[in-house]
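Subject: Structure handover

Hello,

Please find the structure for handover below. My notes on it follow.

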Amino acid sequence: GRGICPAETNMKKLSGIVLILLITLALTSAKSSRTTHTSSYSSSYSYHSSPSYSSYSSSSPNTSTSSTSNGSVSGPNNGTMNRGVGLIFSIVLAIVFITIGVCLNYSSFSKEYVVSEVVKDLRESCRDKNNTYIEPDYEGKLVCFSGYLVPENGLFDPFFQIEVPDALYLKRKSDMYQYTEIEERHVHEHRHDNIEVYTDENGEQHERVNTIVSTSTTVTYKLDMTWSDDPIDSDEFREHRHFSNPKYPSELRQTKFRVDSARFGDFVVSYPSIQRQIEEYDHTLPVSGDDFQRFLSFQRLAPDCSGWTYRGDIFYHSAGDPMRENIGDLKIKWKAVRGGEYTIMGKLRDNVIIPHYVKRAGQEILFVAPGQVGKHHFIEEYEKKKRSGVWGNRVIA
């Protein structure tokens, strides 16, 4: 399991002591309030048992003690009880706020400990490796090394016959030109002057103007046309229902393709373990004429393949005049992360690069970055990213 952080232990002790003190104070205040209430009631009842004093009390304008036929008493004890309830409420509120502050500080100290343990472990245990060959001395070790990351099998978009042999990640992005309805809200301000006649202290009448301000909102709907990767349901239009969008072909929707694993020299790395970091570096993939001709050859097997062209890095299908944008037009482009030179920090085991487990922090570490970088780059980036969240908690607390 994860090691025990001294800061965590101190925060637990501190939070426990604070809560015990506050609960003790609350109980003491409640008991004191009940004792004061009982004494006040007994004293008032003794006034009631003396007829002459009670008569005097009822005629005195300065006493707040009174008695009724059933012996119930109201007076100073009510104020004491209210003060006790208010004190208890204040203490409970203070407990809530202090507990929140303690929890936030405990969370920030705990995260600070995890970051410190990970950074310490990486600095102590990570070894630089100058090549991507298998060497027994590095078996089971955390290493940082640079080399060429390439997929074991390339990626292929079967519908468009786009093949990218060196792609680790391939994303097809599609857009359709569609009608859209835009809601616009206009707030109008209305002013009305109300003349009021009033009499001053000398008995003279005057007029003054009171301005009453009110607002109203007008909602209008504007028809527009836009490229969208999601179908826009024209049946939901408020005012332009006679404008209809064509059906978005489901087979042309946005799709992602990923390899299962990649090779890094003599080693293999599972793509899902580095997927999030790799896909930060995607870029638009240019489409060649060969890709387009292959697609057309494939599409000729279908009843209709007319209307497709390619421009730069986009496959374009026109529903009308190809020189202008038409409702129902489609454009398809691809983004990819290609294999190339990368730096990886991970653990080597049986010729596979796997995450390194930091036992004292309970975290797994596997870093990837394009190009040649050192282990200090990964450590600094990790520390900077994680510590920003820690200080955010401290500011709130």
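A contact, as used in these notes, means heavy atoms within 4.5 Å. Among the contacts in the chain with a separation of 6 or more, 68% are between residues 24 or more positions apart.

Please keep in mind that this is a predicted model, where local features need pLDDT of at least 70, side-chain atom pairs count only at pLDDT 80 or more, and totals for chains, interfaces and linings use all residues. Residues are numbered from 1 along each chain as its sequence is written, and side-chain values use heavy atoms, with hydrogens and water left out.

Overall picture

The chain has 6 helices and 20 strands; these are DSSP runs numbered from the N terminus, helices being H or I with at least four residues and strands E with at least two. Of the 397 residues in the chain, 33% are buried. Buried stands for under 20% relative accessible area, exposed for over 50%, and partly exposed for what lies in between, with a 1.4 Å probe and protein chains only.

Aromatic rings

A pair of aromatic rings is described by the distance of the centres and the angle of the planes. Rings of Phe, Tyr and Trp (its six-membered ring) pair if their centres lie within 6.5 Å; planes under 30 degrees apart count as stacked, over 60 as edge-to-face and the rest as tilted. There are 12 aromatic pairs in the structure. One of them joins phenylalanine 160 and tryptophan 308, and it is edge-to-face because the planes are at 80°, with the centres 5.6 Å apart. This pair links distant parts of the chain, 148 residues apart: phenylalanine 160 is in the loop between strand S5 (155-157) and strand S6 (162-164), and tryptophan 308 is in strand S13 (residues 308-311). Phenylalanine 160 is buried, at 0% relative accessible area, and tryptophan 308 is buried at 11%. Both belong to an aromatic cluster made up of Phe159, Phe160, Trp308, Phe315 and Trp334.

Phenylalanine 367 and tyrosine 382 make a tilted pair, with 6.2 Å between centres and 50° between planes. Phenylalanine 367 is in strand S20 (residues 367-370) and tyrosine 382 in helix H6 (residues 375-396), so the pair ties together parts 15 residues apart in sequence. Both phenylalanine 367 and tyrosine 382 are buried.

Two arginines are placed over tyrosine rings. A charge sits over a ring if NZ of Lys or CZ of Arg is within 6 Å of the ring centre and within 35 degrees of the ring normal. Arginine 208 lies over tyrosine 198 at 4.4 Å from the ring centre, and arginine 311 over tyrosine 316 at 4.1 Å.

Cysteines

How many disulfides does the whole structure hold? The search finds 0, a disulfide being a pair of cysteine sulfur atoms within 2.5 Å. For cysteine 126, the closest cysteine sulfur is that of cysteine 144, at 5.2 Å, which is too far for a bond. Cysteine 126 is buried at 5% relative accessibility, and cysteine 144 is buried at 4%.

Salt bridges

The count is 11 salt bridges, each a side-chain nitrogen of Lys or Arg within 4 Å of a carboxyl oxygen of Asp or Glu. Lysine 129 and glutamate 135 form one of these, at 3.2 Å from N to O. Lysine 129 is buried at 4% relative accessibility, whereas glutamate 135 is partly exposed at 30%.

Glutamate 183 and arginine 185 form another, with their closest N and O atoms 3.0 Å apart. Here glutamate 183 is partly exposed at 41% and arginine 185 is exposed at 55%.

Glutamate 279 and arginine 258 also form a salt bridge, the closest N and O atoms being 2.5 Å apart. Glutamate 279 is in the loop between helix H4 (271-278) and strand S12 (283-285), and arginine 258 is in strand S9 (residues 255-258), 21 residues apart.

Lysine 335

Lysine 335 is in strand S15 (residues 330-338) and is partly exposed at 30% relative accessible area. Not counting residues up to four places away in sequence, lysine 335 touches Tyr169, Leu170, Lys171, Asp282, His283, Thr284 and Leu285.

Regards
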